[in-house]
Amino acid sequence: MTLHEAQAVITGAHERAAELAAPVTVAVVDEGGHLQALGRMTGAPPLSAQIAEVKAASVALFRRDGAVLRKMQETSPAFFAQLDGAVRVPILAGAGAALIVRGDTVLGALAVSGGWTPGQDDECAEAALAVLAS
């Protein structure tokens, strides 16, 4: 994924967030979970930047969307509890996190953090992915 595409993903999520009046942060990571771009809207919670990056990296490294990763965490809590000591980056399963895939290739992941009500992070992530589909 190019930097231009990563920035377009952020813009798509921010546009939806503005419609929802929900200032959010969007993180885009490459296929290895490394931060490629980050956009924090004015008024987004300061902690949302770190949360978005960790959620995106978790999705990229596990190769599973946030909802699937959360179900894995619920069904295997002992495994996820041990991850903190086994991996160099924190693992965080949460809403608003999705893989970015082109064909059969994982390009990276994105995550949104900071929505005021349940579902807003997911809505913004869906809008972000729609930018790449067009």
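This is a predicted model: local features need pLDDT of at least 70, side-chain atom pairs count only at pLDDT 80 or more; totals for chains, interfaces and linings use all residues.
Buried residues make up 42% of the 134 residues in this chain, where buried means under 20% relative accessible area, exposed means over 50% and partly exposed lies in between (1.4 Å probe, protein chains only). Residues are numbered from 1 along each chain as its sequence is written, and side-chain values use heavy atoms, with hydrogens and water left out.

**Overall shape**

The C-alpha trace spans about 40 × 30 × 20 Å along its principal axes. A compact globule with 134 residues would have a radius of gyration near 14 Å, and the chain agrees with its 14 Å. That radius is taken over C-alpha atoms, and the globule rule is 2.2 Å times the number of residues to the power 0.38. Contacts here mean heavy atoms within 4.5 Å. Among the contacts in the chain with a separation of 6 or more, 61% are between residues 24 or more positions apart.

The chain has five helices and four strands, and from the N terminus on they run α-β-β-α-α-α-β-β-α. Helices (H or I, at least four residues) and strands (E, at least two) are DSSP runs, numbered from the N terminus.

**The sheet and the helix across it**

The four strands form an open, antiparallel sheet in the order β2-β1-β4-β3; two strands pair if DSSP finds at least two bridges between them. β2 (35–40) and β3 (97–102) stand at the edges with a single partner strand each, so one side of each is left without a neighbour in the sheet. From one strand to the next, the twist averages 15°. Axes are lines fitted to C-alpha atoms, for helices over the stretch in contact, and angles run from 0 to 180 degrees between N-to-C directions.

Strand β1 (residues 25–30) is joined to β4 (residues 105–113) by six bridges, and V29 stands opposite A109 in β4. With β2, strand β1 pairs in the antiparallel sense over five bridges, and here V28 stands opposite A37. The hairpin of β1 and β2 has four residues between the strands, and in it G33 takes a positive phi near 85°.

Helix α1 (residues 3–20) lies across β1, β2, β3 and β4, and runs at about 30° to β2.

**Two nonpolar cores**

A nonpolar core is a set of buried Ala, Val, Leu, Ile, Met, Phe, Trp, Tyr and Cys residues joined through side-chain atoms within 4.5 Å. In the largest one, which has 17 residues, A13, V24, V26, V28, L110 and V112 touch the most other members. At least two residues of this core come from each of α1, β1, β4 and α5 (120–133), with α1 giving the most, five residues. Leaving aside residues up to four places away in sequence, A13 touches V26, V112, C124 and A128.

A second, separate core has ten residues, including V29, A56, V59 and L99. Have a look at A57 too, which is found in helix α2. A57 counts as buried, at 8% relative accessibility, and touches V29 and G33, not counting residues up to four places away in sequence. The C-alpha atoms of A57 and L99 are separated by 9.8 Å, although these residues are 42 apart along the chain.

**The aromatic cluster**

F62, F79 and F80 form one aromatic cluster, and the structure holds two aromatic pairs. Rings of Phe, Tyr and Trp (its six-membered ring) pair if their centres lie within 6.5 Å; planes under 30 degrees apart count as stacked, over 60 as edge-to-face and the rest as tilted.

| Pair | Centre to centre | Angle between planes | Arrangement |
|---|---|---|---|
| F62 and F80 | 5.7 Å | 20° | stacked |
| F79 and F80 | 5.4 Å | 90° | edge-to-face |

F62 lies in helix α2 (residues 48–62) and F80 in helix α4 (residues 77–86), so their pair ties together parts that are 18 residues apart in sequence. F79, with 42%, is partly exposed.
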